[in-house]
Amino acid sequence: IRISLAVYPWPEQLANESGRSRQEAIWQRFADANDINLLNLFPAFQGTEKTHFVDGDVHWNAAGHTLVADRLTAFWCESLARPKFACAKTPTSSDRN
């Protein structure tokens, strides 16, 4: 069974860093060296430190959970080569609005 890894930023990282973070580079090297599928959520969360996290906390709010669910579903369907018919039935946030 092939391992997959997802990484995401904390709000403080989003507010204080510009460009690719040190953590992204570390996890990418680790994933490449160990043949691990990596879902890097840093770009998806860029600019969302005030809208996708619980205020004053590192945990996601409802919008953050929706973002991760949508990205994880797409990653699972595309990167792990799941049949398209199985993935087509999974709703996205745009379907729920």
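I began with Val-7, which counts as buried because its relative accessibility is 6% (buried means under 20% relative accessible area, exposed over 50%, partly exposed in between, with a 1.4 Å probe and protein chains only). I note that this is a predicted model, in which local features need pLDDT of at least 70, side-chain atom pairs count only at pLDDT 80 or more, and totals for chains, interfaces and linings use all residues. Residues are numbered from 1 along each chain as its sequence is written, and side-chain values use heavy atoms, with hydrogens and water left out.

I placed Val-7 in strand β1 (residues 4–7); helices (H or I, at least four residues) and strands (E, at least two) are DSSP runs, numbered from the N terminus. I then listed its contacts (heavy atoms within 4.5 Å): leaving aside residues up to four places away in sequence, Val-7 touches Trp-27, Leu-38, Leu-39, Asn-40, Leu-41 and Phe-42. Asn-40 is 33 residues from Val-7 along the chain, yet I find their C-alpha atoms separated by 5.3 Å.

Next I looked up Asp-35, in the loop between α2 (22–33) and β2 (37–40). Asp-35 is not a glycine, but its phi is positive, about 55°. I record Asp-35 as exposed because its relative accessibility is 53%.

Finally I turned to helix α4 (residues 62–79). Its 18 residues should span 26 Å at 1.5 Å a residue, and the end C-alpha atoms, 25 Å apart, agree with this (the expected span is 1.5 Å times one less than the number of residues). At the N-terminal end of α4 I found a cap, Asn-61, with a side-chain oxygen 3.0 Å from the backbone nitrogen of Ala-63. I list Gly-64, Leu-67, Val-68, Asp-70, Phe-75 and Cys-77 as the buried residues of α4.

Technical notes: A polar contact is a pair of N or O atoms within 3.5 Å; within protein, one must be able to donate a hydrogen and the other to accept it, and residues adjacent in sequence count only if both atoms are side-chain atoms.
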